[in-house]
Amino acid sequence: MPSTEGRGGIDGAYVEHDLRLSYIGCNDAKHGGGKGNDQTEVWTVLSSGGFGKAHKVAQEQLEGSEAETEVTALLLAAVECAVGLPEGAVAKAASATKLQLWGAAIPMNRWDGGEFAYSAAGRVGIAGDWLSTEATAATASTVEAAWTSGFLLAEHIASETRCAVDNGLKLGKGGGRFVPVDAGGFGSAALGKSNWIDEPSSGGADAGPPKVFAQRLFIHNLGFEVTEADLVGEIEAMTKPRSVAAAQILTGPDGASRGMAKVRMESAEDAAAAVKGLNGEQLWGRALRVNFEEKKSGGGRGRGRGRGGGRGRGAGRGRG
């Protein structure tokens, strides 16, 4: 990683224009300027929300799994790209890594009765990112919301006058209520929605159309030189800007592309448009196969389903 001088004294930074990362920071610099081993630093890497949605695994099932190895490698590669290091440099130099997939921490509801809850009788309060009076659900699952809630609670307790007043405890009329929020793609039960839908325009089978994941696609027959950025550009040229939440080129043990990709779209409508527009399309010298992830009969996890006979189009398009 760049030295303190090499990074211009910057100890942490938000990462822009990368579908995988949102922030990287040097823990040693944050905690006292790095007074330990000069040869070792500890860094924290936060993925983007879209990347997190595309790689959900229960934390208790993560350690030692293929998912842990895969996601760690993807994030280390993203860091190398973000800071301008050669491919494999961080992965080779890392002495230890710890992966946390924290999807369960995203609130399903927010409490709109106050930025914090406080009982004057017990002089005890509650703070968190689920306490938010803002009307936009986006504020109910952010680090900023959690920090603001805790800061305002601390100010309230520290005040000689306000510490004698309850806050955020009233329920119903004149008080607050729990408002469902979109849980960042980690499940939408609070909104009464199901991620599994009947496959659009499948038709023909007596048993009815198969169930497919509304926003998750598998793409087959990609050119081996295609990058994630290339793929996102083509999909968003067909649908609309920022319609792709996450995209991952699948690779083999040697790191080479397998000619396949997993893509998570921001909405079911965007996913349907991508399938309709790109399945059978001649791109990078090949006819793409683009499918929804299909739900296995009897429940369980979904799988990609390849189909032949794609719909080709003669006219070319410019790439996004």
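This is a predicted model: local features need pLDDT of at least 70, side-chain atom pairs count only at pLDDT 80 or more; totals for chains, interfaces and linings use all residues.
1. Three strands form an open sheet in the order 1-2-3, and their pairing is antiparallel. Strand 1 (12-14) and strand 3 (43-47) stand at the edges with a single partner strand each, so one side of each is left without a neighbour in the sheet. On average, and with direction ignored, neighbouring strands of this sheet are turned by 10° against each other. Strand 1 is joined to strand 2 (residues 21-26) by three bridges, the two strands running antiparallel.

2. **The loop between strand 1 and strand 2.** His17 is placed in the loop between strand 1 and strand 2, and its phi is near 60°, a positive value in a residue other than glycine. This deserves a second look, since most residues other than glycine have a negative phi. With a relative accessibility of 83%, His17 counts as exposed.

3. **A salt bridge between Asp18 and Arg20.** Asp18 forms a salt bridge with Arg20, and the closest N and O atoms of the pair are 3.2 Å apart. Are the two partners buried or exposed? Asp18 counts as buried because its relative accessibility, 15%, falls under the 20% cut-off, and Arg20, at 17%, counts as buried on that cut-off too.

4. **The cavity.** The structure holds one cavity of 30 Å³ or more, and the volume of the largest cavity is about 70 Å³. Which residues line the largest cavity? They are Leu19, Arg20, Phe51, His55, Leu74, Glu228, Ala246, Ala247 and Gln248, so that Arg20, described above as a partner of Asp18 in a salt bridge, is also part of this lining. The largest share of the lining, three residues, comes from strand 10 (residues 244-251). Sorted by class, the lining has five nonpolar, two polar and two charged residues.

5. **A salt bridge between two loops.** A search of the whole structure finds three salt bridges, and another of them brings together the side chains of Arg177 and Asp112, at 3.5 Å from N to O. This pair links distant parts of the chain, 65 residues apart: Arg177 belongs to the loop between helix 5 (143-158) and strand 7 (178-180), while Asp112 belongs to the loop between strand 4 (109-111) and strand 5 (117-119). Arg177 is exposed, with a relative accessible area of 52%, whereas Asp112 is partly exposed, with a relative accessible area of 22%.

6. Asp270 forms a salt bridge with Lys240, and here the closest N and O atoms are 3.5 Å apart. Asp270 lies in helix 7 (residues 268-278) and Lys240 in the loop between helix 6 (228-238) and strand 10, so this pair ties together parts that are 30 residues apart in sequence. Asp270 counts as buried, at 8% relative accessibility, but Lys240 is partly exposed, with a relative accessible area of 43%.

7. **Helix 7 and what follows.** Asp270 is one of the buried residues in helix 7, where Ala271, Ala274, Val275, Gly277 and Leu278 are buried as well. Helix 7 is followed by Gly280, which has a positive phi, near 90°.

8. The phi of Arg242 is near 65°, a positive value in a residue other than glycine. Arg242 is exposed, with a relative accessible area of 72%.

9. **Gly125 and Asn167.** Gly125 is found in strand 6 (residues 124-126) and is partly exposed, with a relative accessible area of 27%. How far apart are Gly125 and Asn167 in sequence and in space? They are separated by 42 residues in sequence, and their C-alpha atoms are 8.8 Å apart in space.

Terms used
Residues are numbered from 1 along each chain as its sequence is written. Side-chain values use heavy atoms; hydrogens and water are left out. On a 1 Å grid over the protein atoms alone, a cavity is a set of points where a 1.4 Å probe fits but cannot get out, and a pocket is an open set with protein on both sides within 12 Å along at least five of seven lines; lining residues have an atom within 4 Å of a point. Grid points are joined across faces, edges and corners, and a volume is the space filled by probe spheres set on the points. Helices (H or I, at least four residues) and strands (E, at least two) are DSSP runs, numbered from the N terminus. Ala, Val, Leu, Ile, Met, Phe, Trp, Tyr, Cys and Pro count as nonpolar, Asp, Glu, Lys and Arg as charged, and the others, Gly among them, as polar. A salt bridge is a side-chain nitrogen of Lys or Arg within 4 Å of a carboxyl oxygen of Asp or Glu. Buried means under 20% relative accessible area, exposed over 50%, partly exposed in between (1.4 Å probe, protein chains only). Two strands pair if DSSP finds at least two bridges between them. Axes are lines fitted to C-alpha atoms, for helices over the stretch in contact, and angles run from 0 to 180 degrees between N-to-C directions.
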